[in-house]
Amino acid sequence: MNALFVLYASPLLGTLVLALFGHRPVGRNINVGFSLISFAAAAVLTVQIVEHGPLHAFDRQFFIDPLNVFLVALTALVGLTTALFSRPYMRVEEDHGRMTPGRMRLYHSLYQLFVFTMLLALTTNNLGILWVAMEAATLATVLLVSIYRTPASLEAAWKYFILCGVGIAQALFGTILLYLAASRVLGAGIDALLWTQLDQVKTALNPGIMSLAFVFLLLGYGTKVGLVPVHNWLPDAHAEGPTPISAVLSGLLLNVALYAVLRCKVLTDGALQSRFAGDLLVGFGLLSVVTAAFFLFRQKDVKRMFAYSSIEHMGLMTFAFGLGGPVANFAGLLHMTVHSLVKSAIFFAVGHAAQKAGTQIMDDIRGLLRSNPVVGWGLMAGTLAILGMPPFGVFASEFLILTTAMQQLPWATPLLLLALGVAFAAVFSRVHPMVFGNTELKRLPHPPAIVPVFVHLALGLMLGFYIPSYLTAWYEQAAKLIGG
């Protein structure tokens, strides 16, 4: 209970403190400090759940089990490493005049608020609070995407606000339908929105209402996941916002939105006793993987390219969870972990590279190995990892997904292999000259934050070689909860 309280209190207090002091040089360190406290609280909470099992808190309004506690730990870790990365990154942005004191204060305070909304969405037991947390995350990230106040960033933020606003409205309607089905079984009241209560009576929920509710919930939260065709906001938001925000969007927000879909899928599967929800996830996931892979060839902006890569990988996770079963769910959870780690590492490296070149256009970024070998090797290693090269963890999760697809949906396997091959060719052909080409770029005025890059890549590499027994048990328990 104390760890959970600190987990909420740290980012909330950080929001208030940084709203006052975020514009000062010490604000960068304060941001790291509060992120470190949140990570420590998440680690303690994880140990408690492993030792004592699921936890209810605050009159059953919050619930932590093996499915969400590993995402809490992952969220806190990526939040901490991104805060470390943003220290030198935002200092360079200040030197270039892109960040004023007012914008720095807004950036730091909203960063902590965003982390709070993610942790709240993951740990709440109330599906109404889940919706509120996702809406709050949207509002916070809209302001973060537009923080440079350029015409392009304002346009990207407006598109993000409109598309995700429409999506979250659909999720609200789906939540209302879910409450309607639950109230007929549990009666009107707060219990009809508590996931643990709904899980106990899911087989008694009206199948017709639940199938309609899941369609709206999938479209609503799927907008935040970045599933095709409701993905259009994501490339613009990545390209125009600060790079630390790109890292947490890919590493945190997309995961949390997919988590919301999975919680709703569990209830729908129980009510319908069919593969309706799973088939929808398979369809949207496969469409996202194939579409994003071919869009990769058209990109000129490096952050837009990796944004489409995120769409591809979120589609692959959605496809895996749609297949269901212990192996596919295990693979989806593993892929969720390694994608968050590796993709955020890539954005860290890309952020430093773009600052060095003064542009995000890939044709103008060359010879990173000469201008800064550590950044260059970090970008190349991250690229190979996210493309599924062994022995990184992405290869292991993709291998499990593909072998499961061969058994359950043989017709989908060639499409997946084609998409993965196209994605490999598109991304590697653009990153290779960025790293190995000739350049006259000078070193950055401030040393880049390289430690977060290689910590994430090392973890991604470890998960390709060896998954610790406690983490394996964690994934297995979570995979069983998802079912399918």
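R149 counts as partly exposed at 38% relative accessibility, where partly exposed lies between buried, under 20% relative accessible area, and exposed, over 50%, with a 1.4 Å probe and protein chains only. The phi of R149 is near 60 degrees, a positive value in a residue other than glycine, and R149 is found in the loop between α5 (127-145) and α6 (151-186). Helices here are DSSP runs of H or I with at least four residues, and strands are runs of E with at least two, numbered from the N terminus.

This is a predicted model, in which local features need pLDDT of at least 70 and side-chain atom pairs count only at pLDDT 80 or more, while totals for chains, interfaces and linings use all residues. Residues are numbered from 1 along each chain as its sequence is written, and side-chain values use heavy atoms, with hydrogens and water left out.

**Backbone in the loops**

Most residues other than glycine have a negative phi, and most peptide bonds are trans. R60 also has a positive phi, near 65 degrees; R60 sits in the loop between β1 (55-57) and β2 (62-64) and is partly exposed, with a relative accessible area of 32%.

| Cis peptide bond | Omega |
|---|---|
| V228 to P229 | near 15 degrees |
| P390 to P391 | about 10 degrees |

P229 has its place in the loop between α8 (207-225) and α9, whereas P391 lies in the loop between α15 (373-386) and α16 (393-408).

**Helix α15**

Helix α15 has 14 residues, which at 1.5 Å a residue should span 20 Å, and its end C-alpha atoms are 20 Å apart, in agreement with that value; the expected span is 1.5 Å times one less than the number of residues. Within α15 the buried residues are V375, G376, G378, L379, M380, G382, T383, A385 and I386. These buried residues pack against α12, α13 (326-357), α14 (368-371), α16, α17 (412-436) and α18 (451-465). Just after α15, G388 takes a positive phi of about 85 degrees.

**Two helix pairs**

Helix α9 (residues 233-240) packs against helix α12 (residues 302-323) at an angle of about 140 degrees, with their axes 8 Å apart; the axes are lines fitted to C-alpha atoms over the stretch in contact, and angles run from 0 to 180 degrees between N-to-C directions. The two helices α9 and α12 are therefore oblique to each other, since angles under 35 degrees count as roughly parallel, over 145 as roughly antiparallel, 65 to 115 as roughly perpendicular and the rest as oblique. On the α9 side the contact (heavy atoms within 4.5 Å) is made by L234, P235, D236, H238 and A239, and on the α12 side by K303, R304, A307, Y308 and I311. By class, the residues of this contact of α9 with α12 are 6 nonpolar, 1 polar and 3 charged, where Ala, Val, Leu, Ile, Met, Phe, Trp, Tyr, Cys and Pro count as nonpolar, Asp, Glu, Lys and Arg as charged, and the others, Gly among them, as polar.

The axes of helix α10 (residues 243-272) and α13 come within 7 Å and cross at roughly 165 degrees, which makes α10 roughly antiparallel to α13. In this pair T243, S246, A247, S250, G251, N255 and L258 of α10 meet M336, H339, S340, K343, S344, F347, F348 and G351 of α13. The contact of α10 with α13 has 5 nonpolar, 9 polar and 1 charged residues.
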